[in-house]
Amino acid sequence: MTGFVSSKWARVAERVTVSKMTRPRSPLVYSPEYSVQPWPREHRFVMSKFHDLAESLREDGYLTGPHVHVPEYPSESLIESVHESSYVRAFNNGTLDDNKLREIGFRGLWSPELVRRTNLEVAGTVLAAELALESGLACNLGGGTHHAHRDRGSGFTIFNDLAVAAVALLDKGVDRILICDLDVHQGDGTASIFEERPEVCTFSMHCQSNFPFRKCQSTLDIGLEDGVGDEEYLRILKDQLIFVLKAFQPEFVLYDAGVDPHVGAYHLTPPA
Ligand SMILES: [Zn+2]
């Protein structure tokens, strides 16, 4: 695209650029423990992606400085604000039965390191939410574990970081929270956890034919057809976002960016 800018607007643009450069960066939350090593290379859950993302941000100069925060290991009571205590303790203690680990997709892969990353990732989202209350915007470089239900995990997700963060925000007095979930897979765990909590609006835009095959009812589900391309995807998203923001008027938005809107059965352009 070629743009033409009048001299008046060029001066404004110059000021905007300078102010962007000097503005403090939005908080980023990350722990090197998010990626468990060793991890089977052939496993469909790519454990190294958190480390790889952090390295990429580090190379670009974004992962150094006072805006980078490391989460502390959370108490079990924080996780139990959403999940059943028997499930939390069984996973943390390594006594979760094989069927439940198989349902998660991590059969034979339990380890103390997996417990640490799972808990730290939830703590990271809670910390990012708290930081966003102060700064207006913050990001956890992990999380989005939206298939986890109260009493079980699923689809490579064990504890639901979005749900724990939303409950922590409600406890801090935030009244209306929108969970905007654009992962290609439906946020079934989040939907079921907040089924009867009208103060949390769960909006999931996903590919209908992808996992989970038995979906739960979110406040608003947009199940897209296979083969949706960039233009149609963005048009539908814009329309739905305008609708949900006007109708629900959230005080706070938790955004699950997913790491996979370009896969599944969409035909979206992968990131460059
Ligand atoms: Zn997904």
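This is a predicted model: local features need pLDDT of at least 70, side-chain atom pairs count only at pLDDT 80 or more; totals for chains, interfaces and linings use all residues.
Biologist: What joins the side chains of Arg 197 and Glu 199?
Modeller: The term to know is the salt bridge, a side-chain nitrogen of Lys or Arg within 4 Å of a carboxyl oxygen of Asp or Glu. Arg 197 and Glu 199 meet in one, with an N to O distance of 2.9 Å.

Biologist: How many salt bridges does a search of the whole structure find?
Modeller: The search finds eight. Among the residues concerned, Glu 76, Glu 80 and Arg 89 are linked in a network of salt bridges.

Biologist: Where do Arg 58 and Glu 55 lie relative to each other?
Modeller: Helices (H or I, at least four residues) and strands (E, at least two) are DSSP runs, numbered from the N terminus. Arg 58 and Glu 55 are three residues apart in helix α2 (residues 49-59), which means a separation of about one helical turn. They form a salt bridge whose closest N and O atoms are 3.1 Å apart; Arg 58 is partly exposed at 38%, as is Glu 55 at 27%.

Biologist: Are Glu 121 and Arg 117 buried or exposed?
Modeller: Both Glu 121 and Arg 117 are buried, and their side chains meet in a salt bridge of 3.1 Å, N to O. The two lie four residues apart, about one turn, in helix α6 (residues 112-135).

Biologist: At what angle do α6 and α7 pack?
Modeller: Two packed helices are described by the angle between their axes and the distance between the axes. Axes are lines fitted to C-alpha atoms, for helices over the stretch in contact, and angles run from 0 to 180 degrees between N-to-C directions. Here α6 and helix α7 (residues 161-171) pack at about 40°, with axes 8 Å apart. Angles under 35 degrees count as roughly parallel, over 145 as roughly antiparallel, 65 to 115 as roughly perpendicular and the rest as oblique, and α6 and α7 are therefore oblique to each other. In their contact (heavy atoms within 4.5 Å), α6 contributes residues including Glu 121 and Val 122, and α7 contributes residues including Asp 161 and Val 164.

Biologist: Which residues does Thr 202 touch?
Modeller: Leaving aside residues up to four places away in sequence, Thr 202 touches Ile 179, Thr 190, Ala 191, Phe 194, Ser 218, Thr 219 and Leu 220. Thr 202 belongs to strand β5 (residues 200-207) and is buried, with a relative accessible area of 6%.

Biologist: What kind of peptide bond joins Gln 37 and Pro 38?
Modeller: That bond is cis, with omega about -5°, and Pro 38 lies in the loop between β1 (28-29) and α2. A cis peptide bond also joins Phe 211 and Pro 212, with omega about -5°, and Pro 212 is found in the loop between β5 and β6 (220-224).

Definitions and conventions: Residues are numbered from 1 along each chain as its sequence is written. Side-chain values use heavy atoms; hydrogens and water are left out. Buried means under 20% relative accessible area, exposed over 50%, partly exposed in between (1.4 Å probe, protein chains only).
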